[in-house]
Amino acid sequence: MIPGWPSLPVVGGEPWPVRRIWCVGRNYADHAREMGADPARELPFFFAKPADALVPAAVDVPYPPATAELHHEVELVVAVGGEIESLPPIEALRRVFGYGVGVDLTRRDLQRSAKAARQPWALAKGFDHSAPCSALRPASQIGHPTRGAIELSVNGELRQRGDLAQMIWSVAEVLSELSRSIGLRRGDLLFTGTPAGVGPLVVGDRVAARVDGVGRLAFSIAPCRHGLGAAGP
Ligand code: MN
């Protein structure tokens, strides 16, 4: 492994190197509505974050530059454990290594202007430190969660609460669909979308996220370090 390569802890296991980070957009109907979209069951769509946007469990997240509207999106994170290429949902699910709890941090102001200008979301979604994620729990221990609370609170106040059963596209279906376009490999992470209640974070906020049966993630928003030579987790 390259020294400093991003990895996640595994509950009861060795650190798990992360290869790529994929994300699915608008996968809970109530969040699609709050973003002004129609939650009809259109095919899922995808975007990516660089692997080194990962912030492993319990490390604080610096406020990013170039935004005045950093938003939280709590998500179930899937860790791919094998090769998935144009596989049906049931086969794709068999190649899942495990699960974690992540927050898809988003520069909402940049995303809004990108949408308006029909430009890519790269800088709205793929900035440094934009992918905090908990330790992984192997599917061999917890199975493949399909229901259970998914929640995020800020400074002890509940902001997001949904249930995994509200996903428009299941984990198996999302993996299968993504695998039609790209080859998923061991080390790839997939952020599977967020329920309603996304909102802003400011420096000093304490974020706590959890998914029933999967785990917990807690971090604070630290002052911006950009320009001080501290890029990367
Ligand atoms: Mn998201």
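By class, 10 nonpolar, two polar and three charged residues make up the lining of the largest pocket. Here Ala, Val, Leu, Ile, Met, Phe, Trp, Tyr, Cys and Pro count as nonpolar, Asp, Glu, Lys and Arg as charged, and the others, Gly among them, as polar. The largest pocket holds about 160 Å³ of space. Of its 15 lining residues, Arg-26, Ala-40, Glu-42, Leu-43 and Phe-45 are the closest to the centre. A pocket is an open set of points on a 1 Å grid over the protein atoms alone, where a 1.4 Å probe fits, with protein on both sides within 12 Å along at least five of seven lines; lining residues have an atom within 4 Å of a point. The volume is the space filled by probe spheres set on the points, which are joined across faces, edges and corners.

The model is predicted: local features need pLDDT of at least 70 and side-chain atom pairs 80 or more, while totals for chains, interfaces and linings use all residues. Residues are numbered from 1 along each chain as its sequence is written, and side-chain values use heavy atoms, without hydrogens and water.

Three aromatic pairs are found in the whole structure. Rings of Phe, Tyr and Trp (its six-membered ring) pair if their centres lie within 6.5 Å; planes under 30 degrees apart are stacked, over 60 edge-to-face and the rest tilted. Trp-16 and Phe-97 are stacked, because their ring centres are 5.4 Å apart and their planes at 15 degrees. Trp-16 belongs to strand E2 and Phe-97 to strand E9, 81 residues apart; strands are DSSP runs (E, at least two residues) and helices likewise (H or I, at least four), numbered from the N terminus. Trp-16 has 2% relative accessibility, so it counts as buried (under 20% relative accessible area, with exposed over 50% and partly exposed in between; 1.4 Å probe, protein chains only).

The rings of Phe-47 and Trp-121 have centres 5.6 Å apart and planes at 55 degrees, so this pair is tilted.

What coordinates the manganese ion? Glu-73 (OE), Glu-75 (OE) and Asp-104 (OD) do, at 2.0 to 2.2 Å. Donors are N, O and S atoms within 2.8 Å of the metal (3.2 Å for Na, K and Ca); water is not among the atoms, so sites may look incomplete. Along the chain the donors follow the spacing E-x1-E-x28-D.
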